[in-house]
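Hello,

Please find the structure we talked about below, with my notes after it. Keep the view open while you read and look up each residue as it comes.

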Amino acid sequence: MLTYLTSGESHGPQLTAVIDGLPAGMVIDISQINFQLSRRQKGYGRGGRMKIERDQVEIVSGIRHGKTLGGPITLVIRNRDWENWRKIMDPIKSIGDDLSPTEHKLAYDTNRPRPGHADLPGAIKWNHHDMRNVLERASARETSARVAVGSLARQLLTYFGVKFASHVIRIGKAKLPEDLERPAIDEIIRLSEESEVRCIDKDTELQMIDNIKDAIKAHDTLGGVSEIIVQGLPIGLGGFSQWYHRLDGQLAGAMMAIHSVKGVEIGLGFGVAERMGSQVHDELFHDPTKPAQRKGYYRKSNNAGGLEGGITNGENIVIHVAGKPISTLMKPLQTVDVTTKKAGTAIVERSDTCVTPALAVIGEAVAALVLAEAFLEKFGADNIAETERNYNSFLKTEF
């Protein structure tokens, strides 16, 4: 019901995204899309590209007078760095003798693949002997487009009272204390937005920044773990009839499809393997004063991370996403020159040292896309008014 597609290269003229399936009549706040794009660009450890780009979205179809029309919505994000790369990247112009030595190097010196990147497998898959044809699309620059369409999905869910938050729980060896109690979601939002690394604990934040500084000095990179939290979803999204109906599987798959992600946990995640069942499963209670989204049911713990049997249970969705250190190092690793087959060092591209804070923001957007689709599968209609009537009818139904 809700589908999207992104297009564009890292240093091409623009990124483009098309999202289809949002109901007609939904009010869209473009400033909120741009706010989410700016959040993605922040974070201690980001590289020089973020000083060039100032991501802003243009909506070129699907919205009129600030409201969705019900058809596909097309969003465009211009790459300001395009002008610096135009001679190399312009598909219409051939590479000629007017390139500077640096531009020649960027254009041609792509035959030494970076370990951990898509360079080599992508080149072999598509038979590209110029690996720039691979690395330009494989670049995490694409996540700008996902954050933009994710903001539209987020605005739909926000209309129905859903809140999103994220924060960083680990960078390198620095991590939040396991016994640190999570504050309310509004406080997590406030603390994470004030932190350079999106960490809610000041002492841990300083340790994380020190780790990033050490990596910068060593010309190395660092990964980490982000936590995404979604509050306010009703019981009953997702399903268990078929494997592809299970919402935890959809969320995990979508998170794993974010650049550099190598691990996803929902709720306790791998922690369930070391505990007894009595220590894992969240006991049920009932209180008629609880929000209607929960039908009065609640849990005093949330080890399940808001999902049971592939279905939302009314508690917060809690997802941990582990991102590896990015693959472009200023101190390049050993590789093989695919032209000469001789040993060499990997190509070096302008890069970041740590993108874990950005990963948290991207994770929010990706979660919003999955959860908005599940919401529309249960309550959706051609327009927002009918969708709201369907949702309100669910809230009034007792169980």
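Val57 has Ile77 in E6 as its bridge partner. The model is a predicted one, which applies to everything that follows. The strands involved are E3 and E6 (residues 73-78), which are joined by four bridges and pair in the antiparallel sense.

Which strands make up the open sheet around this pair? Four strands form it, in the order E1-E2-E6-E3, with antiparallel pairing. Strand E1 (3-7) and strand E3 (57-61) each have a single partner strand and stand at the edges, so one side of each has no neighbour in the sheet. From one strand to the next, the twist averages 20°. Helix H1 (residues 30-41) packs on this sheet, where it touches E3 and E6, and its direction makes about 135° with that of E3.

As background, strands of a sheet pair through backbone hydrogen bonds, in either a parallel or an antiparallel way.

**The five-stranded sheet**

Another open sheet has five strands, in the order E8-E7-E9-E15-E10, and its pairing is antiparallel. Here strand E8 (174-175) and strand E10 (261-266) are at the edges with a single partner strand each, so one side of each is left without a neighbour in the sheet.

Strand E7 (residues 163-171) and strand E9 (residues 224-231) run antiparallel and are joined by eight bridges. Then look at Arg170, which stands opposite Val225 in E9.

Two helices pack on the sheet. Helix H8 (residues 185-194) touches E7 and E9, and its direction makes about 55° with that of E7. Helix H9 (residues 202-217) touches E7 and E8, with its direction at about 60° to that of E7.

E9 also pairs with strand E15 (residues 317-323): the two run antiparallel, with seven bridges between them. Gly224 has Gly323 as its bridge partner in E15. How many of the eight residues of E9 are buried? Seven are, and the strand is mostly covered.

**The nonpolar cores**

The largest nonpolar core has 57 residues, and Ile19, Leu75, Leu251 and Ile319 touch the most other members. Which element gives the most to this core? That is H12, with 14 residues.

Helix H10 (residues 247-256) and helix H12 (residues 356-379) have axes that come within 9 Å and cross at roughly 145°. The crossing of H10 past H12 is right-handed. On the H10 side, the residues that meet H12 are Leu247, Gln250, Leu251, Ala254 and Met255. On the H12 side, they are Gly363, Val366, Ala367, Val370, Leu371 and Ala374. What kinds of residue make up this contact? Nine are nonpolar, two are polar and none is charged.

Regards

Methods:
Residues are numbered from 1 along each chain as its sequence is written. This is a predicted model: local features need pLDDT of at least 70, side-chain atom pairs count only at pLDDT 80 or more; totals for chains, interfaces and linings use all residues. Side-chain values use heavy atoms; hydrogens and water are left out. Axes are lines fitted to C-alpha atoms, for helices over the stretch in contact, and angles run from 0 to 180 degrees between N-to-C directions. A crossing is left-handed if the near helix is turned anticlockwise from the far one by less than a right angle, and right-handed if clockwise. Contact means heavy atoms within 4.5 Å. Ala, Val, Leu, Ile, Met, Phe, Trp, Tyr, Cys and Pro count as nonpolar, Asp, Glu, Lys and Arg as charged, and the others, Gly among them, as polar. Two strands pair if DSSP finds at least two bridges between them. A nonpolar core is a set of buried Ala, Val, Leu, Ile, Met, Phe, Trp, Tyr and Cys residues joined through side-chain atoms within 4.5 Å. Buried means under 20% relative accessible area, exposed over 50%, partly exposed in between (1.4 Å probe, protein chains only).
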